[in-house]
Amino acid sequence: MMNRVISLAMVALLAGVPSITITESSQAQTMQDRKAEADRLNQQGNQQYYKSQYREAFQSWEQALQIYREIKNLNGEATSLNNLGAAYNSLGQYQKAIEYYQQSGGVTKLLNRL
């Protein structure tokens with residue numbers, strides 16, 4: 001009886017391994033998809049900024065920042081914060097620009113320590 005219980009437990013354990021692998025794989029794909037979306041938004045913001053569409057660029061970079069933070073991408077976060085600082089600067093909102101530049105610098109310092 002004990003051997004049968006152990007055998008059933010081993011079968012159940014082995015049966016669960018592929019689902020863990022699939023879950024981890026789908027999570028990795030989701031992270032890649034989210035990063036690709038954030039990168040696209042960041043690029044879109046750059047294009048809007050160079051067309052003097054500062055408010056639109058701000059919206060794109062804000063969305064990118066949210067995704068980068070969600071997926072814990074520090075490089076993207078620092079870039080988005082810096083871009084947002086530039087957008088605020090272009091709008092004449094200098095205090096907000098300084099705040100974003102300071103946040104960007106903090107993230108950059110953290111990256112340098114890693």
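The legends below describe close-up views of a predicted model. Local features need pLDDT of at least 70, side-chain atom pairs count only at pLDDT 80 or more, and totals for chains, interfaces and linings use all residues. Residues are numbered from 1 along each chain as its sequence is written, and side-chain values use heavy atoms, with hydrogens and water left out.

**View 1. Tyr49 and Tyr50 form an aromatic pair.** Rings of Phe, Tyr and Trp (its six-membered ring) pair if their centres lie within 6.5 Å; planes under 30 degrees apart are called stacked, over 60 edge-to-face, and the rest tilted. The count by this rule is five aromatic pairs. Tyr49 and Tyr50 are edge-to-face, at 5.5 Å centre to centre with 85 degrees between the planes. Ring pairs also link Tyr49, Tyr50, Tyr54 and Trp61 into a cluster.

**View 2. The rings of Tyr88 and Tyr100 are stacked.** Their centres are 5.2 Å apart and their planes are at 25 degrees. Tyr88 belongs to helix α3 (residues 74-90) and Tyr100 to helix α4 (residues 94-113), twelve residues apart. Helices are DSSP runs (H or I, at least four residues), numbered from the N terminus. Both Tyr88 and Tyr100 are buried; buried means under 20% relative accessible area, exposed over 50%, and partly exposed in between (1.4 Å probe, protein chains only).

**View 3. Ser52 has a positive phi, near 65 degrees, and is not glycine.** Ser52 sits in the loop between α1 (2-50) and α2 (54-70). With a relative accessible area of 49%, Ser52 is partly exposed.

**View 4. Lys72, also not glycine, has a positive phi near 60 degrees.** Lys72 lies in the loop between α2 and α3. Its relative accessibility is 69%, so Lys72 counts as exposed.

Conventions: Helices (H or I, at least four residues) and strands (E, at least two) are DSSP runs, numbered from the N terminus.
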